Amino acid sequence: MDGVDLELRWSNMISIVSEQARALKRVAFSPIVREAGDLATALFDADARMVAQAITGTPGHINSLGAAAKNLLEYIPPEDLEEGDVLITNDPWMSAGHFFDITVLTPIFRKGKLIAYCGSTIHHTDIGGYGVGAGARDIHEEGLWIPVLKLYEKGEPNKTLHAIIGRNTRTPDAIFGDLSAQVASGKVASERLNALCDRYDMDDIALVSEEIISRSAKATREAIKALPGGTYHGETTFDVPGGEVITLKTAVTIDADAGDITIDFEGSSGPSKSGINVVMAYTQAYATFAIRSLLNPDLPNNYGSLSPIVVKAPEQCIVNAQYPVPCNARHVVGMYVPFPILNALSEILPERSVAEGSGAVWTIQIQGKDHAGKPFTSSMFNYSGGMGARATKPGLSATCYPTGVSAVAIEVLEAAMPIAFTCKELLRGTGGKGQSVGGDGQRIGFKMRSGHDWLLNAIPSRLTLPAKGLQGGDPGATGAFLINGESTLPAAKKAMAPDDEVLMHTPGGGGYGPPAP
Amino acid sequence: MLSNNSHALAVDIGGTFTDVVLLRSDGLRWTDKVLTTHHNLLEGLFGASDLVLEQAGLGYEDVTDIFAHATTVITNMLIERKGKPTGLIVTEGFKDVLYIRDEHRYDMFDPQIEQPEPIIGQGWTWGVAERTYADRTVGLEVSDTDVKALAAELKANDIASVAVCLLNSYANPANEQRLRDLLVKEMPDLIVSLSSDVAPQMREYLRASTTALNAYAAPTALPYLKSLVEQLAARGRNDEPLIMMSNGGVVGANVAGRYPVRMIESGPAAGALVASHYAKRYGFEGLMSFDMGGTTAKACLIQNGEPLVTGEFEVDRRYRFKPGSGMPITVPSIDMIEIGAGGGSIARMDSLGLLKVGPDSAGSQPGPACYGRGGTEPCVTDADLVLGILDADNFLGGDMALDLDAARSAMGRLGDKLGLSVEETASGIFGVVGEYMAAAARAHATDRGVNYRGLPVLAFGGAGPVHACYVAEQLESSQILYPPMASVLSAYGTLVTPTRLDLARSNLTALADVTQDTIAPLIAAMRAEGEAALAEAGIAADAIIADYAADMRYQGQQSEVTVSLPGDPRHGFDPADAAQRFEADYEALYGVRLADMPIEVVNWRMSVSAGDQGREAKTALAATPGAPKGQRTVHLKSGALKVPVYDRASLALGQSIPGPVLVEERETTIFVLPGWTLSPAEDGCLIAERY
């Protein structure tokens, strides 16, 4: 197939999954999906290899969804699938690393033959159990575990499964709404893919997929071969809720002859008692993300371009969670995964590297009573610190990296619950100095207006250890978490008095290059 | 409304040209264009107007029907940032609202992205102690003494215009209004834009961004419009000129001056209105307009005769034209997609060996290789030339010779990389760019719950008619309209547009709890605002046509669906009927209907208009069927075809030409593929139909 015919077909496939992602984002009940874009959609060929992915979404979701299809099909093999079936799971090890993320996979048939799958992962509103936060003691306390099952069989909903989900979650309506959106979007993608096959007179997508995957693998290997071979070391150290200090170490080996990269997390911190352990799929997602942002940005993200990158970690490691460790708040550590890799490779790719930033977004959830005394559980909302500086550009202020989810508007939150924000302003000068300066953190304050006791569930990080500078840049400022003006290191849900006021200082990003004297 | 020999005049100031149309009530028209005079836009406006009036032997006093105007003046000044010192006043504690934005990184995979510098910087942003809550209660009133101190600061900084955006003012504007009243007492000449007035909708960043842009534009817009009014009057025309707005309506210059942010997309909106005009004229329920120029292609969906309108768009995308890299504006605007695929879009091979087209563009300088201005990259126009669709000797009516050899060698260099011949490469570009546009149109339609299959296509813009037939085939369309006056179509659009204003008010209420107490004051306020604005444009209150809608969603969702209401909700609002309408629209958009989920109303909308004025231009056709003026070989993927070439002006009513056929006019070339027939219609349109 020549470069024209292939482009015509493949650009269509990307637009199918991108539309699916946009539709999901608009229809979602889950605020973190609709406001923050915490979702992923992808198209897989009949061999369960990811061939196209939506250009929206977060790296953690996109890259872990990439491996999900194969994992699901090990439990329910293709020969057991019929038209109208839809698979589901929230198994952390099989998809995106915690129960909140539910992956739905729709087999796509053409004239009775299974030709592809389309999958989506979205962060749901609730999944029962502990709720948002890192406080559960093992994975079973974290919520409902949905193994790989059929959510729909031949077009009919699996009533048993729906009943179980309905009884084991706090917001079943929202979950069912979002699940039906995932199912509907799978149906649309299936129709669109069939229409594409009609237009181009194709029986299936095997040939297009094979071409794209092999060309992507080849181009990725070529890009890696252009780098100087060798093993490069990098590390990052940061503190997480409760004050625990985590170190991530990487040895990044570039095999310039074969065009492979191996990233080994040997020497990193061991498992944590709190729910910040990261499953391998999620670690892999953020590790490959880091490599991808350093290589040619032209390269697409699919099975072929991901295959030359191998990610390893010992079993007793925070980034290779083993049953039954809790992993609900895995993003707290997962979002730091790119930093040791970027630090390691800044030696050979200084111009493309990014200094350490504030790391994970700070997430908050509130439970309380409204003015009328009616209990409520807020949606999760999040705020960013500063991004690390780039070689020739400052880091973005109040903007996270490697994720970059949106913050929910203050007015939206104030309309949804009896909360009043007291401030939300940049903390100027908190980004590390350097040739390029790190992004600034911000100050966010709030209190409740309803006069009732409430529960605060906050996940801050980098309260004691700052984002390092790169190439001689200064570190950014650490963050602070204050309740009534006093510094605290919250780890689990905290009981709050009616008038308590919270003030958060998110951390600044690291600077790049030595600051002017 | 129109007397037999009244004349309407329309001027559209675009980035390159200023276009003008003079239309007599019987349909006779004169058109012309001049280069846009960027140092003083009105110079070009009157220069062009003088030309058509001279052609018609008329003076400005003879323009007794409307004078309508679309302009890029606001967009340009926002992009060039040449505005006067402008202040932003927000709730104390929230001064960085424009810096923090929504914290989003709009491209996850590109670590090098950039955000635009706020239009009003930190040095000119002030906080005031005050607080309003979402439940409309005022926790802290704006204080007299604070405002006095603030006024002193504004004076010290020579601030001429301010944006005021206080938290939750969409729910209760009292504090914003109080602040304004106190401020203008101290500074009577200060221009004040209140967010509760400019964009009264929830979400502080979007509202602040919109209001800041409005305030920044006001000191430019007001004198511009004032000068337009004065210069028109000096030439003998006293009625207020009408200004095209982004939402596809026109309003009087005075109202436009208060809300310059609503003028930003006025040119493209006028183009979309032509599509709406033809959809109505031909009785098409739906239509896709397709406008392809030098750097981008735009598409707009017409449904039930009206263009789709969106509540949010961006201006000045700073980083590779990426969505998210610009400044957001939440005012109603024609819902258009724009993709980086135009005649100047550059084709290249990517690292996978795939042929990609755009979004990088050679623009008009150096332009495609065939322009002979130093461009060496193969562009879409080069491909069109190599394929034989364009004639090297007859581009822009022969005023600009194209260099076929340069196009072929640029194509050859790319072809060598791809392992394809010169013609195969060119037809590859033609196919890929067509597919991109079709894919974008499909996505746009699907996103809005519109079935794109079979929608008629309206083609205009320099490159639109060249590519429309191929794109139409990808969209399974069987009808394409090629309107006359293609080169001044936006100006014409302002004349076929009813005077109209779209209004919105936020009020979050569960649908079940909506009562007359909720609705009546909001609708009355919008009605009063609408009547006042239309009165300024000479429309009597009893001539106003009003349409009503509500933005609804399932409780717990964040994005709303705008649902049309059957009549004035003050006279018998039926929640059950509204719920049914919402659920039907929701299902059309998202394919699901959620039973038993409570519904809430977020915004109430009202659109007031003067109705269709019936203006229409006539284009004369040839008296007798013309013969081909020549023949060209066109290379398509399926092989080389001998294609007859006609002059557009030679075609007569009743003539029907089977494709493939090329029809040339000065500004563009119509290319109709095999399987289609082309015939002129009475109004001067050419219509291609698939058989």
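Predicted model: local features only at pLDDT ≥ 70, side-chain atom pairs only at ≥ 80, totals over all residues.
**A walk through chains A and B**

Among the contacts in chain A between residues at least 6 apart in sequence, 76% join residues that are at least 24 apart. Chain A contains eleven helices and 21 strands, and 62% of its 517 residues count as buried. Its C-alpha atoms fill a box of roughly 65 × 60 × 40 Å when the box is taken along the principal axes. A compact globule of 517 residues would have a radius of gyration near 24 Å, and because chain A has 23 Å, its value agrees with that expectation.

From here we can turn to the place where the two chains meet. The contact between them takes 62 residues from chain A and 55 residues from chain B. Several elements of chain A each supply at least two residues of the side that touches chain B, among them helix H1 (3-27), helix H5 (172-199), helix H6 (206-225) and strand S15 (419-427). H1(A) gives the most to this side of chain A, with 13 residues. By class, the side of chain A that touches chain B has 28 nonpolar, 17 polar and 17 charged residues.

Chain B, in turn, is divided into four domains: domain 1 (7-79 + 222-263), domain 2 (81-217), domain 3 (345-425) and domain 4 (500-609). The centres of domain 1 of chain B and domain 4 of chain B, taken over C-alpha atoms, are separated by 33 Å. The contact between them takes ten residues from domain 1 of chain B and eight residues from domain 4 of chain B. On the side of domain 1 of chain B that touches domain 4 of chain B, strand S12 (250-252) and helix H8 (253-258) of chain B each supply at least two residues. The largest share of this side, three residues, comes from S12(B), and by class the side has four nonpolar, four polar and two charged residues.

S12(B) also belongs to a sheet, which we can follow strand by strand. This open sheet of six strands in chain B has the order S3-S2-S1-S4-S11-S12, with mixed pairing. Strand S3 (29-35) and S12 of chain B stand at the edges with a single partner strand each, so one side of each is left without a neighbour in the sheet. From one strand to the next, the twist averages 20°. Strand S2 (residues 17-24) of chain B pairs with S3(B) in the antiparallel sense over seven bridges, and Val21(B) stands opposite Thr31(B) in S3(B). Finally, helix H9 (residues 266-282) of chain B lies across strand S1 (7-13), strand S4 (67-71) and strand S11 (242-244) of chain B, and runs at about 120° to S4(B).

Conventions
Residues numbered from 1 in each chain as written. Chains lettered and ligands numbered in written order. Helix = DSSP H or I, 4+ residues; strand = E, 2+ residues; numbered from the N terminus. Rg over C-alpha atoms; globule rule 2.2 N^0.38 Å. Buried ≥ 20, exposed ≤ 12 C-beta atoms within 10 Å, placed from the backbone. Contact = placed C-beta atoms within 7 Å. Nonpolar A, V, L, I, M, F, W, Y, C, P; charged D, E, K, R; others polar. Domains from an automatic or database assignment. Pairing = 2+ DSSP bridges. Axes fitted to C-alpha atoms, helices over the stretch in contact; angles between N-to-C directions.
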